[in-house]
Amino acid sequence: MFRHMLIGALTRQRGRMFMIAMTMALGASISTAMLGVMMDVGDKVNQELKSYGANLMVVPKGAALLGDLYGVEDGLGVTDKYLAEDELPKLKSIFWAFNIVDFAPYLETSVSVSGPSGTEQCKLVGTWFDKHLDTPTGESLNTGMVRMKSWWDVKGNWANDDEASGGAVSGMIGANLASKLGVAPGGKVSIPANNGGDVMIMGVFQSGGAEDDSLFVPLSFVQRISDRPGAVSRIEVSALTTPENDLARRAAQDPNSLSRHEWDTWYCTAYISSIAYQIEEVITNARAKPVLQVAESEGAILQKTQLLMLLLTILSLACSALAISNLVTASVMERSAEIGLLKAVGASSTEVSVLIMTEIMITALSGGVVGYFAGRGFAQIIGHTVFGSSIAARGLVIPLVALLVFVVTLAGSLPAIRMLLSLRPAEVLHGR
Amino acid sequence: MFMKMLVSSLIRRRSRMLAALCAIAIGATVLLGMAAISYDIPRQMGREFRSYGANMVLVASGEDALLKLEDSDRAAEVIPEKSLVGMTPYRYEIVRINMQGYTAAGTDFDQARRTSPYWNVSGAWPKEENDILIGSDIAEFTRLAPGSAINITGRASDGARFRRDMTVSGIVRTGSVEDEFIFMRLDTLDALMGNSGVAEVVEVSIAADEDELNALAAAISNHAPGVSPRLVKRVTQSETTVLSKLQSLVFLVSLIVLVLTMICVATTMMTVVMERRKEIGLKKAIGADNRSIAAEFLGEGMLLGVMGGILGTVLGYFFAQAVSMNVFGRGVILDWRLMPATVLVSVAVTVAACLWPVKRAADVEPALVLRGE
């Protein structure tokens with residue numbers, strides 16, 4: 001009998017139930033989309049912030065970096081310590097390997113380069129442009145400078161790592177040096193040093209920094225020319241990290257000061273200091289230094305963005321809850337005559353409320369399911385318009401949305417039901 | 001008569017109307033708050049992005065290696081004071097500690113803290129004339145700690161030797177080149193070198209986007225010919241991409257919330273009108289025509305919209321202020337044009353939400369409604 005009445009009510013009032021279901025679907029889809037975007041916004045913004053370049057610098061232990069930025073002479077503080085190139089794939093075998101986005105090795109030397117309009121003493125930098133790697137874990141990936149220097153303004157093309165036939169390699173030249181040497185993309189410069197050769201200029205770049213005065217070539221070429229086979233002087237690593245907190249700051253000072261439990265927490269969280277620590281574990285004689293300019297700022301911006309999104313999500317959830325409960329209240333109230341009739345033929349208050357609640361719950365839940373899938377699509381639209389990549393679907397969203405639908409429906413229908421129950425059948429039916 | 005009916009209907013049905021007013025006010029609050037925040041995001045986030053450090057460096061133009069500080073002061077006149085975060089001169093010289101050569105940088109520490117907020121200093125920032133800050137690589141190599149006394153020697157610009165006892169007040173760690181520098185006050189370095197008024201570079205941190213920076217750079221080279229301003233591409237370009245994405249994200253989200261609040265207002269208004277079918281029937285029965293009924297409801301909607309809109313504008317300002325204080329720790333700057341716009345939109349939404357139910361209400365047959373069928 002109950003089922004019969006339920007089905008009857010649902011089919012007879014198709015229009016009204018459809019309206020409730022639609023509102024519910026709208027609310028649920030917005031909640032799903034907002035929750036999905038909110039949970040993913042950290043990763044997405046983190047990816048965007050990768051355009052600021054490497055946040056970790058790996059150098060040989062004990063070697064002070066050459067203060068080349070401001071033109072300090074060669075020879076000051078330079079040591080003959082190097083990292084081994086064949087250890088680089090190990091970066092992808094650390095605990096947080098998945099968070100290592102890109103990395104590129106560098107080896108520098110000073111050479112004289114001659115071009116069409118003169119000869120200049122300049123810095124020759126060997127690196128990976130877009131190198132294919134097979135890691136010990138069986139993964140294969142491409143990494144190198146192409147992805148790490150996205151802010152470079154390149155005329156022509158990026159160079160590649162292959163050494164062309166006849167000893168000529170492809171390379172890229174900084175804009176300042178290019179104008180001094182008088183070369184353009186497609187041109188050629190030569191390096192007369194030992195084992196030197198010609199460099200095909202694939203592209204001219206402008207970085208706005210000290211690199212504008214140097215020549216970039218494949219790593220193996222510099223290793224050969226400076227007679228340092230297999231050597232790398234530094235590695236730039238770009239990693240996705242979690243914003244720092246107190247624990248991470250203490251660990252960065254001295255990892256040994258942590259208790260066993262704290263140490264486990266720290267090691268298994270993607271703090272920049274723990275990733276640095278893990279890199280030092282796998283690369284012999286290495287020191288990994290967080291580049292604070294990038295690391296600290298990333299943390300600050302990430303936190304602000306997440307907080308902002310959290311506030312906006314709460315706001316939109318509250319708004320959809322308000323809209324839904326309003327509509328539910330309105331549609332229940334409209335049915336006063338029907339409820340009066342039910343009561344007149346002997347239905348108890350409990351029976352009436354159970355019937356109405358079940359009806360609304362079924363409608364709301366079916367709306368919620370539709371809304372959930374619509375919301376997934378919605379999140380993808382936001383992801384693609386804003387970040388150009390899709391938003392990951394997270395399991396946690398489903399129970400949250402289900403709970404929201406349930407609570408909102410209940411809260412929306414309760415006051416209306418209470419009012420209906422206090423109606424007197426005779427008065428309602430008579431139309432007063 | 002019209003006004004009297006309007007006012008009395010608002011007063012008589014106090015609780016219903018209060019609910020509707022609440023819905024409209026909440027809608028307007030959200031509307032103004034979100035608009036203010038997404039409007040203000042580039043400025044607020046731009047300030048956050050300044051933690052990446054200088055986005056413009058001033059160097060000497062032409063063949064000169066050294067920049068005259070009077071030229072950079074002239075350049076500073078062009079930069080609007082409001083958007084200037086910090087301006088730090090750096091002068092680099094070679095000094096020796098225990099016969100080992102290091103690069104010493106003379107700077108203004110107050111400004112350096114503003115342009116490079118990411119510097120991690122253990123110990124204290126230098127205050128006295130003879131206080132210095134050493135990079136963490138040097139500290140590791142020489143085993144100096146905050147409080148250590150050191151002896152600095154070198155050659156002044158005229159070739160004479162100098163020697164001075166100094167105190168390490170702190171150790172700076174940045175993970176890049178600063179780790180191998182010694183920092184001291186610019187006037188101290190000037191006194192040691194015997195000349196003053198020059199620097200290698202002046203780092204400038206300006207809260208502005210890439211286009212504004214390009215315009216500023218052009219203005220600076222016009223106004224101060226001795227200075228050649230260069231944008232730090234890594235910082236400016238990345239900031240522009242990230243900021244524009246963030247803004248479009250907040251904008252999209254605001255739009256969604258806005259649509260939701262409109263639906264909320266509309267459903268409330270529909271309920272209000274639906275409940276009054278009987279009243280409409282009565283009015284029609286005693287001779288009101290459809291137009292006057294529609295006019296009454298729309299007038300009510302408009303009144304509610306204006307009241308809710310004004311209330312929401314005030315609340316929305318506080319709402320935006322609260323969000324901004326919580327997230328960014330700074331107040332929000334409100335464009336005054338948003339205020340009348342908010343009131344207008346709330347009136348429009350409320351009236352639009354009334355249209356459909358009013359049309360349906362106007363179609364009722366008085367006799368049927370009054371009889372209760």
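This is a predicted model: local features need pLDDT of at least 70, side-chain atom pairs count only at pLDDT 80 or more; totals for chains, interfaces and linings use all residues.
View 1. Residues count from 1 along each chain as its sequence is written, and chains are lettered from A in the order written. A cavity here is a set of points on a 1 Å grid over the protein atoms alone where a 1.4 Å probe fits but cannot get out, and lining residues have an atom within 4 Å of a point. Volume is the space filled by probe spheres set on the points, which are joined across faces, edges and corners. Among the lining residues are Thr32(A), Tyr372(A), Arg376(A) and Arg394(A). Helix 2 (14-49) and helix 11 (349-387) of chain A each give two or more residues; helix 11 of chain A has the largest share, with five. Helices are DSSP runs (H or I, at least four residues), numbered from the N terminus.

**View 2. The largest cavity comes in at about 100 Å³.** Its lining includes Ile24(B), Leu31(B), Met262(B) and Val349(B). The tally is eight nonpolar, three polar and no charged residues, with Gly counted as polar, and Asp, Glu, Lys and Arg as charged.

**View 3. Chain B splits into two domains.** Domain 1 covers 2-47 + 241-371 and domain 2 covers 55-231, with bounds from an automatic or database domain assignment. Their C-alpha centres sit 56 Å apart.

Notes
Side-chain values use heavy atoms; hydrogens and water are left out. On a 1 Å grid over the protein atoms alone, a cavity is a set of points where a 1.4 Å probe fits but cannot get out, and a pocket is an open set with protein on both sides within 12 Å along at least five of seven lines; lining residues have an atom within 4 Å of a point.
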